[in-house]
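Subject: Structure handover

Hello,

Here is the structure for you to look through. Please open it alongside these notes.

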Amino acid sequence: NANASPRSAAMRALVPLVRRSIARGATVHTSSEFVAAEIEELFGPGLRSAGRLVVIPLGVPHLGDDARMPPTLAAQIGGFPFVLAIATLEPRKNLPHLVSAFGLLAAEHADLRLVIAGRDGPDRPGVDAAIERLAAAARERVVLAGHVDDAGRRALLDAASVLAYPSIYEGFGFPLLEAMSAGLPVVAARA
């Protein structure tokens, strides 16, 4: 698949190794019920009932108390209210859909911004295309922040109006917990 990321190729390469380990009696640990269900589907039913598939939930990430907004990002936001999304630009994160939804909100809320913080990825062209489809006034209010460090993430979470998490496929979802730990409301996809 031309759109497959190097990470997904590496994950596919692990499947035979995991299959052999399970056949030899290994116990599989995972961080969420969602991933556990996928493991049962992929590697065969009965692992959990046999005690060989164990869910160990991850804890709430601690970003620290240091909150520093990068100056260029602060200038782009301009002190206006904003919707925040924290995600690598991957198709499963559904960010073009979020950009389109922002276009509808932007028409009603002239000061609102959309800030997407995260590394570039294979869906950057899709995000760029979604931004280009917006009305000019809305297009100017979408901020692609790129990767931000923990202090920058903390500052964004402290200043945002809401975290948008439109992902259609997640194993866990740390940004949701980060937002909740900062007292920020979350709007998320059901997936």
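What follows is a summary of the cores and of the strand pairing around β6.

Please keep in mind that this is a predicted model.

Nonpolar cores. The largest nonpolar core has 20 residues. Inside it, the residues with the most contacts are Leu95, Val99, Phe102, Leu114, Ile116 and Val127. At least two residues of this core come from each of β3 (82-86), α4 (95-108), β4 (113-117), α5 (124-133) and β6 (162-165). The largest share, five residues, is supplied by α4. Another core, of 18 residues, lies apart from it and includes Leu73, Ile86, Val115 and Ala160. As background, nonpolar side chains in soluble globular proteins tend to be buried together.

Phe102. With neighbours within four places in sequence left aside, Phe102 is in contact with Leu112, Arg113, Leu114, Leu134, Ala138, Arg141 and Val142.

Strand β6. This strand is covered on both faces. Val162 and Ala164 are buried on one side, and Leu163 and Tyr165 are buried on the other. β6 runs parallel to β3, and two bridges join them; Leu84 has Leu163 as its bridge partner in β6. β6 also pairs in the parallel sense with β7 (residues 186-188), over three bridges. There, Tyr165 has Ala188 of β7 as its bridge partner.

Crossover. Together with helix α8 (residues 174-181), β6 and β7 make a β-α-β unit, which is right-handed.

Regards

Methods. Residues numbered from 1 in each chain as written. Predicted model: local features only at pLDDT ≥ 70, side-chain atom pairs only at ≥ 80, totals over all residues. Heavy atoms only, no water. Core = buried A, V, L, I, M, F, W, Y, C linked by side-chain atoms within 4.5 Å. Buried < 20%, exposed > 50% of the residue type's maximum accessible area, 1.4 Å probe, protein only. Helix = DSSP H or I, 4+ residues; strand = E, 2+ residues; numbered from the N terminus. Contact = heavy atoms within 4.5 Å. Pairing = 2+ DSSP bridges. Right-handed = clockwise from strand over helix to strand, strands pointing away.
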